[in-house]
Amino acid sequence: MKFTMRCRGLLLLAALTCGLALAAEDTVEDLQVDTLVKPETCDVLSVMGDTLQIHYTGKLMDGKVIDTSLSRDPLVVELGKRTVITGLEQSLLGVCAGQKIKATIPAHLAYGKKGYPPTIPGDAVLEFEVEVISVLQQTPWQKMVNDVFPVVCLALVPTLLGLVGLYLYKKASAQKQGKKKAKDKKSKKK
């Protein structure tokens, strides 16, 4: 009897383990990018800050198309500006003009647990086929604006707040001294 119960317990444990392993195969935890077409010459690889023009088709894992740009103008994506879902933006790093990729994007890099009802259910893994039409590298001016300007702004805000505080303090102090002088003049008149 004990041996039979122990065997059943082991069989149940083995079945659960296999079931979990099969379920894990259906979920994607990491971004997967496959190159479908790569041009013979690839002079410029995309990096953060570059602007890309792409055509894409986004699908659920069951093959249902959720969005496509093929019937419209190409989508303009500036890498680092978060104009597209995180997984798609990450898959566009290191590509060149003329390249076609297939990106399998896990839910946490797409629309997450909430999804985008009614089109995209929660925890949906998405698959995007992307054709990169062009890669426009950022100019030194754009790089400065994107990299240096936010840091300068962060330094200016506390400085400006400090100057405003100093001005208000001096103004308040000057008013108090003015009131004291007025009281002194009144007391001298009496």
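Reader: Before any numbers, what does contact mean here?
Author: Two residues are in contact when they have heavy atoms within 4.5 Å. The model is a predicted one. Among contacts with a separation of 6 or more, 67% join residues 24 or more positions apart.

Reader: How much of the chain is buried?
Author: Of the 190 residues, 24% are buried. The accessible surface comes to about 14000 Å², and carbon and sulfur atoms hold 61% of that.

Reader: Which residues have the most contacts inside the largest nonpolar core?
Author: L92 and L126 do, in a core of 24 residues. Strand 2 (51-60), strand 5 (100-105) and strand 6 (126-136) are the elements that each give two or more residues to this core. Strand 6 has the largest share, with five residues. In soluble globular proteins, nonpolar side chains tend to be buried together.

Reader: What does L126 touch, skipping sequence neighbours within four places?
Author: L126 is in contact with K59, L60, I66, I85, A103, T104, I105, A110, Y111 and I120.

Reader: Switching to rings. How many aromatic pairs are there?
Author: Two, from a search of the whole structure. In one of them, Y56 and F128 have ring centres 6.0 Å apart and planes at 45°, so this pair is tilted. Y56 belongs to strand 2 and F128 to strand 6, so the pair ties together parts 72 residues apart in sequence.

Reader: Backbone next. Where is the cis peptide bond?
Author: It joins P117 and P118, with omega about 0°. P118 is in the loop between strand 5 and strand 6. Most peptide bonds are trans, and most residues other than glycine have a negative phi.

Reader: Which residues other than glycine have a positive phi?
Author: R82 is one, with phi near 55°, and D123 is another, with phi near 55°. R82 lies in the loop between strand 4 (75-78) and helix 2 (86-91), while D123 lies in the loop between strand 5 and strand 6.

Reader: Buried or exposed, those two?
Author: R82 counts as exposed at 71% relative accessibility. D123 counts as partly exposed at 47%.

Reader: Last topic, the surface. Which residues form the nonpolar patch?
Author: W141, M144, V145, V148, F149, V152, L156, L160, L163, L166 and Y169 form it, with about 1100 Å² of accessible area together. One of them, L160, is in helix 3 (residues 140-189).

How values were computed: Residues are numbered from 1 along each chain as its sequence is written. This is a predicted model: local features need pLDDT of at least 70, side-chain atom pairs count only at pLDDT 80 or more; totals for chains, interfaces and linings use all residues. Side-chain values use heavy atoms; hydrogens and water are left out. Buried means under 20% relative accessible area, exposed over 50%, partly exposed in between (1.4 Å probe, protein chains only). Accessible areas come from the Shrake-Rupley method with a 1.4 Å probe; for residues, only the protein chains shown count as cover. Patches are made of residues with over 30% relative accessible area and no salt bridge: like charges are joined within 9 Å, nonpolar side chains (Val, Leu, Ile, Met, Phe, Trp, Tyr) within 5 Å. A salt bridge is a side-chain nitrogen of Lys or Arg within 4 Å of a carboxyl oxygen of Asp or Glu. Helices (H or I, at least four residues) and strands (E, at least two) are DSSP runs, numbered from the N terminus. A nonpolar core is a set of buried Ala, Val, Leu, Ile, Met, Phe, Trp, Tyr and Cys residues joined through side-chain atoms within 4.5 Å. Rings of Phe, Tyr and Trp (its six-membered ring) pair if their centres lie within 6.5 Å; planes under 30 degrees apart count as stacked, over 60 as edge-to-face and the rest as tilted.
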